[in-house]
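Subject: Structure handover

Hi,

Here is the structure for you to look at. Please open it first, then read the notes below.

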Amino acid sequence: MLDRAKEAETPHSGAAADTRPVKFRGAGFVPRTGRYAGWIALLLVIGLWQLAGSAGLVNPLFLPAPLVIGRAIYQLAISGPLWHHLSASLMRIGVGWVLGTVAGIGIGFAIGLFTVARSVGTTFISALFPIPKIALLPLLILWLGIGEEPKIATIALGVFFSTAISVYSGVDAVPRNLIRMAQSFNVPFHAIVRRVIWPGALPSILSGFRITASVALLLVVSAEMIGAEFGIGAFVLQAGNLMQTDQLLAGVVILSLFGLAVGRLINLLETRLLHWR
């Protein structure tokens, strides 16, 4: 009997010896951004670009080396035109983005919450959103005159439509069971909007901010190329006409740095406002 018991226990003991702990797989898909990987890759590309330029593999007229571009930015900053152009562009972007964002958030929430607003708003947005906003600049000049108003209005229009779409898409994405639960407890409408719908739609709204910041940057450059004396777009156009490729790429680098700064600012907003996720 003892021998049979030992034989019966032997397979179980061997199986217990072969078992290994299984890694927990329920943490969800949470992609993370490396702190230094992106900057290292960017520095490697710039280093290879500089080596190619120093070795004479690239014609400096067509593609100046990074050091040449950096020298052009330094000279523009010292002599003063850089700040004049940059301040004009930032003013147009700031005012146009704020106006378009405020209007887009208001209309987007109205479309997401009210039936009549949804019926009317989605029709107009579907009809007007595909129109290139820069094509409306000559018409806006006729309406608003020659000055800052048409450029700011062009930026505001481009920002408005993208913001409105991201807002009402975020409102639609809020789980309806949370809204029904709040209504079952007789929570007032304004409290539901503030405590349930706004936090639930906020990720989509902040993602929309990334898009609208790029839209505003593209539109301000296009508008300044068409009808402005000062601004980064006007500066880039003038440098291209004179074949000053170092200054042209200096303007492009400034635009890229502005995009990086805006992206960093939105990352900070997401970290602060979406800490509950």
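Start with a term. A cavity is a set of grid points where a 1.4 Å probe fits but cannot get out. Lining residues have an atom within 4 Å of such a point. Bear in mind that this is a predicted model.

**The cavity**

Why use a probe at all? Rolling a probe the size of a water molecule over the atoms shows where empty space is left.

How many cavities of 30 Å³ or more does a search of the whole structure find? The search finds one. The volume of the largest cavity is about 50 Å³. Its lining is made of Leu86, Ser89, Leu90, Ile93, Leu217, Val220, Val221, Ile232, Ile254, Leu255 and Phe258. Helices H4, H9 and H11 each supply at least two of the lining residues. Which one gives the most? H4 does, with four residues.

**More on helix H4**

Ser87 also sits in helix H4. Is Ser87 buried, partly exposed or exposed? Its relative accessible area is 41%, so Ser87 is partly exposed. Now find Phe230 in the model. Ser87 and Phe230 are 143 residues apart in sequence. In space, their C-alpha atoms are 9.1 Å apart.

**Aromatic pairs**

A pair of aromatic rings is described by the distance of the centres and the angle of the planes. Ring centres must lie within 6.5 Å to count as a pair. By this rule there are five aromatic pairs. One of them joins Trp97 and Phe209: the ring centres are 5.3 Å apart and the planes are at 70°, so this pair is edge-to-face. The cut-off for that label is over 60 degrees. The pair links distant parts of the chain. Trp97 lies in helix H4 (residues 81-113) and Phe209 in helix H9 (residues 189-227), 112 residues apart.

How do the two partners compare in cover? Phe209 has a relative accessible area of 14%, so Phe209 is buried. Trp97 has 24% relative accessibility, so Trp97 counts as partly exposed.

Look also at Phe129, Phe160 and Phe161. Ring pairs link these residues into a cluster.

**The nonpolar patch**

Trp39, Leu42, Leu43, Ile46, Leu257 and Leu260 make a nonpolar patch of about 600 Å². Helices H2 (37-54) and H11 (245-273) each supply at least two of its residues. H2 gives the most, with four. Leu260 is in helix H11. Its relative accessibility is 45%, so Leu260 counts as partly exposed.

Best wishes

Technical notes:
Residues numbered from 1 in each chain as written. Predicted model: local features only at pLDDT ≥ 70, side-chain atom pairs only at ≥ 80, totals over all residues. Heavy atoms only, no water. Phe/Tyr/Trp six-rings, centres within 6.5 Å; stacked < 30°, edge-to-face > 60°. Buried < 20%, exposed > 50% of the residue type's maximum accessible area, 1.4 Å probe, protein only. Patch = residues over 30% accessible without salt bridge, like charges linked within 9 Å, V, L, I, M, F, W, Y side chains within 5 Å. Areas by Shrake-Rupley, 256 points an atom, 1.4 Å probe, with all protein chains shown as cover. Salt bridge = Lys/Arg side-chain N within 4 Å of Asp/Glu carboxyl O. 1 Å grid on protein atoms, 1.4 Å probe; cavity = no way out; pocket = protein on both sides within 12 Å on 5 of 7 lines; lining within 4 Å. Points joined across faces, edges and corners; volume = space filled by probe spheres on them.
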